[in-house]
Amino acid sequence: MRWERFILKYLCPDFYHTNICEINLRYLKKIGIRGIICDLDNTLLAWDNHEVRPEFKEWILKAKRLGISICILSNSLQERVNRIARKLEVPAISKALKPRKKAFKLAINRLDLIPNKVAVVGDQLFTDIYGGNRLRLLTILVEPMGKKEFISTQVIRLIEKKVKKYLKSKSLI
Ligand SMILES: [Mg+2]
């Protein structure tokens with residue numbers, strides 16, 4: 001079926017974790033990953049929150065220590081994204097309009113890496129994973145941290161739920 005092919009090609013992540021701390025950074029380094037394009041809302045912190053959890057900050061530090069650079073790529077507004085990026089001391093691109101390719105290409109350039117050394121981490125199939133897979137980047141899906149979201153996102157979540165159910169039925173996540 002056509003929709004099945006689409007899901008498997010574009011919406012299936014390479015890895016699936018409950019949160020970013022579960023991502024094995026040493027393994028990523030071993031397979032050649034040197035940069036991570038990281039989503040902000042509901043990946044690094046809850047949508048209505050301003051503080052990144054200490055263990056998540058630690059995860060970012062660990063990535064840096066391993067020689068894996070982080071670039072935040074978010075569809076959120078500049079002020080909020082920059083404030084958090086400054087605290088974490090990582091570069092950031094706001095108002096990215098993910099899943100458009102240009103956003104991910106900008107982030108790859110910011111990391112100063114070639115695409116096959118870059119992974120994408122995010123909580124949304126239709127922005128983070130779809131965008132990453134379109135450019136054949138390594139994609140890592142995490143569970144959203146909070147329930148609060150834009151109305152538009154809430155609508156997309158309904159479809160996402162069905163796709164996740166399908167991927168789970170195939171043991172792909
Ligand atoms: Mg998100």
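Buried, in this report, means a relative accessible area under 20%, while exposed means over 50% and partly exposed lies in between (1.4 Å probe, protein chains only). Helices (H or I, at least four residues) and strands (E, at least two) are DSSP runs, numbered from the N terminus.

This is a predicted model, in which local features need pLDDT of at least 70 and side-chain atom pairs count only at pLDDT 80 or more, while totals for chains, interfaces and linings use all residues. Residues are numbered from 1 along each chain as its sequence is written, and side-chain values use heavy atoms, with hydrogens and water left out.

Let's begin with β6, residues 138-142. Five of its five residues are buried, so the strand is largely enclosed by the rest of the structure. In a regular strand the side chains alternate between the two faces of the sheet. Here both faces of β6 are covered: Leu138, Ile140 and Val142 are buried on one side, and Thr139 and Leu141 are buried on the other.

Strands count as paired if DSSP finds at least two bridges between them. β1 (residues 15-17) runs parallel to β6 and is joined to it by three bridges; Tyr16 has Leu141 of β6 as its bridge partner. β5 is also parallel to β6, with four bridges joining the two, and Val121 stands opposite Ile140.

Together, β5, α6 and β6 form a right-handed β-α-β unit; with the strands pointing away from the viewer, right-handed means that the path from the first strand over the helix to the second runs clockwise.

**Tyr130 in the connecting helix**

Helix α6 spans residues 125-134 and holds Tyr130. This tyrosine counts as buried because its relative accessibility is 19%. Beyond its neighbours within four places in sequence, Tyr130 is in contact (heavy atoms within 4.5 Å) with Phe6, Tyr10, Leu11, Pro99 and Leu125. Leu11 is 119 residues away from Tyr130 along the chain, yet their C-alpha atoms are separated by 5.3 Å.

**The magnesium site**

Which residues supply the protein donors of the magnesium ion? They are Asp39 (OD), Asp41 (O) and Asp123 (OD), lying 2.1 to 2.2 Å from the ion. Donors are N, O and S atoms within 2.8 Å of the metal (3.2 Å for Na, K and Ca); water is not among the atoms, so sites may look incomplete. The donor residues are spaced D-x1-D-x81-D in sequence. Asp41 and Asp123, 82 residues apart, link distant parts of the chain.

| Donor residue | Location | Relative accessible area |
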